[in-house]
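Read it with the structure in view.

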Amino acid sequence: MTHGDRLAPTRRPAGPPVGFQRWDQLLFVHWEVDPAALRPLVDARLELDLFEGRCFVGLVAFEMQQVRPFRELPPFPTARDFGEINLRTYVHHRGREPGVWFFSLDAASSLVVAAARVGWSLPYHRAAVDVAPMPGGGRSWRSTRHWPPPGRGAGVQARCVPGASLPLQQPGSLEFFLSERYQFYVARHGDLLRARIHHAPYPLQRAESVKVETSLLEAAGLPAPLARTPDWFSPGVDVDVYAFEHVAG
């Protein structure tokens, strides 16, 4: 895939967004995995997106803030700010449109979980997700999944301290490949759909004093990791969310 293909999704889509969110205080953790073992876990209409022949699974821990699923309406009190843990991999469609495929999204809002599962067919799970500040500007996350199955009781314990700022991600770098993703795919009622988002490029920092313990990979049936990549922290971005569109083929 060319750099142009990867830059196209970073541009603001045509038309108005349908929703708004802030993704705040993010920890990015990635593992390299065997593509052959990962392939059966992703919709067959999508191709695994590889970086220098390598395939990755990412865990992103953060806090959702100011969530408005419909821009013209005020946020719902129980679905405005909450902790969330995403487990994902990277895909594209016929060599174009690089994006994200989610294995699970654990969130501390019953309303968001129910609405996203029914309305968007996203694999959301209700979890107790506690996000807390640490000395030195760090963050800790503790999550335990409640419902629905599979993976009840699966969870995460993570912490990190933000380190030195990194240069802006450049196309062709691992940082760009793993962080600059502006669309995600879902399968709903047999159809393949894609939703676009738009935000400024992530301001990334090195994540230091990182500790991550999780059973989410096993709960998703993912293969054992081959290796860890460097971990990153971001103070956050404001995100516009656009409507789903059907993907041909």
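The largest cavity holds about 50 Å³ of space. This is a predicted model: local features need pLDDT of at least 70, side-chain atom pairs count only at pLDDT 80 or more, and totals for chains, interfaces and linings use all residues. Residues are numbered from 1 along each chain as its sequence is written, and side-chain values use heavy atoms, with hydrogens and water left out.

**Cavity and pockets**

On a 1 Å grid over the protein atoms alone, a cavity is a set of points where a 1.4 Å probe fits but cannot get out. A pocket is an open set with protein on both sides within 12 Å along at least five of seven lines. Lining residues have an atom within 4 Å of a point. Points are joined across faces, edges and corners, and a volume is the space filled by probe spheres set on them.

The count comes to one cavity of 30 Å³ or more. R6, P9, P98, F176, F177, E180, R181 and Y182 line the largest cavity.

Ala, Val, Leu, Ile, Met, Phe, Trp, Tyr, Cys and Pro count as nonpolar, Asp, Glu, Lys and Arg as charged, and the others, Gly among them, as polar.

| Space | Volume | Lining by class |
|---|---|---|
| Largest pocket | about 760 Å³ | 31 nonpolar, seven polar, four charged residues |
| Second largest pocket | about 170 Å³ | four nonpolar, two polar, five charged residues |

The largest pocket has a volume of about 760 Å³. Its lining has 42 residues, and Q21, M64, W120, L122 and Y124 are the closest to its centre. Elements that give two or more residues to this lining include β1 (19-33), β3 (55-68) and β13 (232-246). Helices (H or I, at least four residues) and strands (E, at least two) are DSSP runs, numbered from the N terminus. Which element gives the most to the lining of the largest pocket? It is α3, with six residues.

The lining of the second largest pocket includes D130, W141, R142, R159, K211 and E213. Here β6 (124-134), β7 (138-147), β8 (155-165) and β11 (205-214) each give two or more residues.

**Nonpolar cores**

A nonpolar core is a set of buried Ala, Val, Leu, Ile, Met, Phe, Trp, Tyr and Cys residues joined through side-chain atoms within 4.5 Å. Buried means under 20% relative accessible area, with a 1.4 Å probe and protein chains only. The largest core has 36 residues, and W23 and Y124 have the most contacts inside it. β3 gives the most to this core, with five residues. Apart from it lies another core, of 32 residues, among them L27, L46, V129 and L222.

Y185 is found in strand β9 (residues 183-188). Is Y185 buried or exposed? Y185 is buried, because its relative accessible area is 1%. Its contacts (heavy atoms within 4.5 Å) include L46, V91, W101 and V247. Y185 and W101 are 84 residues apart in sequence, yet 5.7 Å apart in space, C-alpha to C-alpha. The side chain of Y185 also reaches the backbone oxygen of E97 at 2.7 Å.

R194 is found in strand β10. R194 is buried too, with a relative accessible area of 8%. Its side chain makes a polar contact with the side chain of Y185 at 3.4 Å. Such a contact is a pair of N or O atoms within 3.5 Å; within protein, one must be able to donate a hydrogen and the other to accept it, and residues adjacent in sequence count only if both atoms are side-chain atoms. R194 also touches E97, Q183 and F244, among others.

Definitions and conventions
Buried means under 20% relative accessible area, exposed over 50%, partly exposed in between (1.4 Å probe, protein chains only). Lists of a residue's contacts leave out its neighbours within four places in sequence.
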